[in-house]
Amino acid sequence: MNLKEFIEKEVKTTINGMVSEGRPIPMDTPNEFTYIDFKKYAYKNRKMFKKELQKSNGNSGKMFLTLSALWYKWAKQNHKEFTHIKDSKKFGRALMVMMVKDDLIFSIDAFNKTNNITNLKEDDYVDQAFNDAKPVEEETKRDYKKEYEKYGKSKKAKKYRAELNKYNRDKGTYGNGDGKDASHKGGKIVGFEAQSKNRGRAEKSRLKKESVNEEQIDEKLITFSNRAPYGQVVFMAGGAGSGKGFAIDNFIDSAGFKVRDVDEMKKAVGKLDQLGKFSVDKWYKKYGKKLSDKPGKGGGLSPKAHIEEFMLGKGLSISDISKDLKNPNNVASLHYIVDSMGLKDKWLISMLSGKNNKETLPNLLFDITAKKVSSITEVIKPLIANGYDSKNIHLIWVLADFHVAIKANKDRDRMVPEDILLQTHEGAGKTMWSVMTKILPKGLNGRIDVILNKRAETVNYVDSKGNEIEVEPNQKNKLEKARTVVKGFTSLPIKKQGGGIQPEAAWKEILKKWILSNAPKTIDLSQKVDEGKDDYFKTAGEAVDFAKKVAEKKGFEIDEDDWNSQITMGGKYNRLRPGVGKTHSFQIGLLKKGKPQRKGLAISLYGMDSGKYELTHYIN
């Protein structure tokens, strides 16, 4: 919690105290905290607001009074303690200023140009529809005569016409002016029918063909913020070998995104060594101390011991191991090298360097395994700090059959050790399940989708003979080689951009079946992510007290105001304990020596069928 948040919290606590004592709150200006709720109401009813404000005919004084009246009407139903307005004109003007800053109903662009705060925004959706609609007289008229002349000169048309003429001569109907055409069906002439019917069918067939051609170009893709050219962040999560690269190319609109691909970083490190600009000795001297000496969960060598045995012990250079990535030990060594150097962090710093304007923030895509929530949360912090909007930070999980991934891993250019492969798929499953059902990482407020990456679930466009249609490389599509065009794939929307998680009934059981059918059989969905201490408690009070004690052991002090409002009073749930099958999540501020900290205590309680409470908690 920063200083500004701490001050705001103190003000809010004071106001709440006044309210609880029953004292009215006389106002010259709108309360900032209550305004947050009012803003949502105003946006939802912006048409009504604009209609009422237009009755003032541009008179600013009347507009101020109208806004005060709209506030009063809303507050009377939702926050009665904030209905005591001392000066309606003064209050209305202050409210208008706040709305202009938020570009809500009043136009901030117009204000910046004219310094007039009373300019109402244009209705974007209406204006856009008007601009997109072309008057009938402006529509490009088809020149049927020109089209027919062009078609008539083709070899196909000449052959077709010759067949029809012969048929008419054989039947004795050639040139008799009966208004009938010889009609084709299935490539054969089957008799006569009215010219209008025959030619109408041909036109309908042409339109259908054009429609199919357009559809082939318009692939089914998951898009972000209506394909915004800047300011978007996508975390592409999935275990090793789950096909994230294929998903990036075929299932999402990744055009224009800068991709952080750790595999590419590893290749770059190998090339530097080949060029003599880097060596294992220089690397070990500088970064060797950062290697962990603790073995992984499955036992085996620690990263430090691994490097000492498989690189230093064998006298291998970085370029040596880079040349043979079918060897899992080489892949693991290269992974430890890149990880110790912090190249992922350096890439992010490079991407954000010099980007002081929100309109220059690049679209970024992070290719991650998501073994831990921290692979997401630790990246979100600098993104938000540099101006990215949390509504534009999205998460896509690529879920693939673990057994298929094992087979595919053996055929890849880079073969991941099987124990690591297992850990990535287990970790991704636990992390994603926890994110979607327990605790949503702070700052992740974009869309969340799960893609089921199975060949049987992916449908490509095919031609009339059933052959898959391929797009050839050209300057426009920038493809390296020809590839098929995806017509459809199976995905599950979990969260809308800027909104909450979808109702669990719409996705939870489906996703659970997907995970249990495709993830490693060792996965246990009742387990949580590594960052938290999990346990079961008879009462919700015992559970949160345990989380509190753990935080205090780590040297933190609990923000008592936060604890009282969130835990004692139950926060937005109005009670601490969740019902069976429900989850209550809380964020508690932390202090050290009385000073607010940026870190907070995340607590999640899940109501179990047994009547106990499952606890997940961690410092974030």
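These questions and answers explain the labels used for a predicted model.

User: What makes up the secondary structure of the chain?

Analyst: The chain has 23 helices and 17 strands. It holds 620 residues, and 39% of them count as buried. The exposed surface comes to about 36700 Å², with carbon and sulfur atoms supplying 50% of it.

User: Why is Ser 242 called buried?

Analyst: Its relative accessibility is 3%. Buried means under 20%. The value falls under that limit, so Ser 242 counts as buried.

User: Where is Ser 242 found, and which residues is it in contact with?

Analyst: Ser 242 sits in the loop between strand 3 (233–237) and helix 11 (244–250). Leaving aside neighbours within four places in sequence, its contacts are Val 398, Ala 400, His 425 and Asn 453. A contact needs heavy atoms within 4.5 Å.

User: How do you know that Lys 244 and Asp 367 form a salt bridge?

Analyst: Their closest N and O atoms are 3.5 Å apart. The cut-off is 4 Å. The distance is within it, so the pair counts as a salt bridge. Lys 244 lies in helix 11 and Asp 367 in strand 5 (residues 364–368), so the pair ties together parts that are 123 residues apart in sequence. Both residues are buried.

User: How many salt bridges does the structure hold?

Analyst: It holds eight. One of them joins Glu 52 and Lys 55, with the closest N and O atoms 3.3 Å apart. In general, side chains of opposite charge can pair when their charged atoms come close.

User: What makes Arg 447 and Asp 449 a salt bridge, and are they buried or partly exposed?

Analyst: The closest N and O atoms are 2.7 Å apart. That is within 4 Å, so the pair qualifies. Arg 447 has a relative accessible area of 22%, so it is partly exposed. Asp 449 has 2%, which is under 20%, so it is buried.

User: What makes the phi of Ser 225 and Asn 226 worth a remark?

Analyst: Most residues other than glycine have a negative phi. Ser 225 is not a glycine, yet its phi is positive, about 50 degrees. Asn 226 is not a glycine either, and its phi is about 55 degrees. Ser 225 lies in the loop between helix 10 (195–217) and strand 3. Asn 226 lies in the loop between helix 10 and strand 3.

User: Why is Asn 226 called exposed?

Analyst: Its relative accessible area is 74%. Ser 225 has 23%, which lies between 20% and 50%, so Ser 225 is partly exposed.

User: Which residues gather in the patch of positive charge on the surface?

Analyst: They are Lys 381, Lys 554, Lys 592 and Lys 599. Lys 592 is in strand 15 (residues 583–592).

User: Why can Lys 592 belong to a patch?

Analyst: A patch residue needs over 30% relative accessible area and no salt bridge. Lys 592 has 35%, so it passes the area limit. Lys 592 is partly exposed.

Note on methods. Residues are numbered from 1 along each chain as its sequence is written. This is a predicted model: local features need pLDDT of at least 70, side-chain atom pairs count only at pLDDT 80 or more; totals for chains, interfaces and linings use all residues. Side-chain values use heavy atoms; hydrogens and water are left out. Patches are made of residues with over 30% relative accessible area and no salt bridge: like charges are joined within 9 Å, nonpolar side chains (Val, Leu, Ile, Met, Phe, Trp, Tyr) within 5 Å. Accessible areas come from the Shrake-Rupley method with a 1.4 Å probe; for residues, only the protein chains shown count as cover. A salt bridge is a side-chain nitrogen of Lys or Arg within 4 Å of a carboxyl oxygen of Asp or Glu. Lys and Arg count as positive and Asp and Glu as negative; His and the chain ends are not counted. The place of a charge is taken as NZ of Lys, CZ of Arg, CG of Asp or CD of Glu. Helices (H or I, at least four residues) and strands (E, at least two) are DSSP runs, numbered from the N terminus. Buried means under 20% relative accessible area, exposed over 50%, partly exposed in between (1.4 Å probe, protein chains only).
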